[in-house]
Amino acid sequence: AYGEDVALYPGRDDDESNVPRTIEVHLLEHKMQSVVTDDESDAPAMVDADDPAEWESIEREAYLIATRIREILDSDMTIDGSRKPSLKDIAILLRAPAFRAERIVGVLDRFGIDASAQVRGTMFDTTEIRDIRALLEVLDNAQQDIPLATVLRSHIIGSPLSEEGLLAIRLLDRAVPFHGAVRRYAGEGEDECLKSALSKTLNRIQQYRRAMRDRPFADVLWEILDQTGYLAYVGGLSGGTQRRANLRGFHERAREFGTFKTQGLRRFLQFIESLEQGDQDLGAPPAIAEGADAVRIMSIHAAKGLEFPIVFLADLGRRFN
C-alpha cells in the first residue's frame, strides 16, 4: 500500500513563493522527411549537414533545447520573482549521458551556449587524443606505420594528406613498410606538392624527437600544441571547448607523470596503454570551471539532491534496457 508513511513530499512549498511552476512536453518524431530542394523528384537526395532530418534524434532534441534556452534568457521570466535566469540555473538531465552528452554540448556550442557535461571515461575515444597519442608514438619510435599514417591524415602537424596521397605513397614501393615508403616518397616521389608536404612533416618530427632527448617530454608536447595551432583547430570543431580541455588535461597528466624519476615518453605511453588494456580511462576533464555560468548536463542519478530552477529532461524516447 502506498500510504502517507512512504509517500514523497516536496521540500519546497510553491504556494508560499507565489511563483507559478510550468511543465512543458515537446514531442519530436524519430524520423523526419528531408526537405527536397531539387525540382526533379526522382533525383537522389543529397545529405545536408544543416538539415535536421539528417541529424540523430538526440541532436534534434538538443537543437530544440538550445532554442528554448535562448527564448528563456530573452524573456521576462524571473527566478523566484527576483532575478533573471542565467545559464547556471539550467540543467539537462539524461538517463545515460555517455555518448549523448557530447552531442548536446556540440549543438549548444553552435548556439554560443556554454555547457559542461559530467561524463567520465571518454577521453581516449576522442579524435584529438587519438591524434596526439599517434604523434607521441611516432616521436618515440619513428618506424610505426599506423601511428605515422594517423599523423599524416590528421591536422596535428600541417595539413592532412588525402586518401589518394596515402595511396600514392603505398604504391611507390609495396615491398617496404609504410614508414619506409613515406621517406622514399619524400626524396623521389612524382607529386611535388605531396613530396614537399612529406619532407616538411618528417623534418618537424625529427625536430621534436631531438627536443625530447634534451627536455621533459611534457614541455615539448605543449610546444607542439602551441606551435602547430592544433589547439585552435580543435577549438573550432563541434564541442571545441571540451576538445581543448581534453588536450590540456592530457598534457597535465603527461606533466605530472614526468615529475617521477626515470619516467619518460616511452613509459608514459606504456602507462596509457595499460589503462586501455584494463578498460580504464583518464576521464574527460570539465571544459568549464566549477561555478561558471554554464548549462550543466548530467545523469538523473548525479543530479539527486541538487536544485535547478530550469530542468530539461532529454532523451526520453529511448526504450529501457
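Predicted model: local features only at pLDDT ≥ 70, side-chain atom pairs only at ≥ 80, totals over all residues.

User: How many aromatic pairs does the structure hold?
Analyst: There are 7 aromatic pairs.

User: Take Phe217 and Phe268. Why is that pair called tilted?
Analyst: The ring centres of Phe217 and Phe268 are 5.4 Å apart and the planes sit at 40 degrees, so the pair counts as tilted. Stacked would need under 30 degrees, edge-to-face over 60.

User: Where do the two lie?
Analyst: Phe217 is in helix H9 (residues 217-227) and Phe268 is in helix H12 (residues 265-277). The pair therefore ties together parts 51 residues apart in sequence.

User: And Phe250 with Phe268, what kind of pair is that?
Analyst: Edge-to-face, because the planes are at 70 degrees, with the centres 5.5 Å apart. Phe250 belongs to helix H11 (residues 240-258), and it is 18 residues from Phe268 in helix H12.

User: Is Phe250 buried or exposed?
Analyst: Buried, with a relative accessible area of 1%. Phe268 is buried too, at 0%.

User: Which residues form the aromatic cluster?
Analyst: Phe217, Phe250, Phe257, Phe268 and Phe271 form one cluster.

User: Changing topic. Where is Asp173?
Analyst: Asp173 is in the loop between helix H6 (163-172) and helix H7 (178-188).

User: Buried or exposed, and why?
Analyst: Asp173 has a relative accessible area of 17%. Buried means under 20%, so Asp173 counts as buried.

User: What is Asp173 in contact with, leaving aside neighbours within four places in sequence?
Analyst: With those set aside, Asp173 contacts Ala181 and Arg184.

Definitions and conventions:
Residues numbered from 1 in each chain as written. Heavy atoms only, no water. Helix = DSSP H or I, 4+ residues; strand = E, 2+ residues; numbered from the N terminus. Buried < 20%, exposed > 50% of the residue type's maximum accessible area, 1.4 Å probe, protein only. Contact = heavy atoms within 4.5 Å. Phe/Tyr/Trp six-rings, centres within 6.5 Å; stacked < 30°, edge-to-face > 60°.
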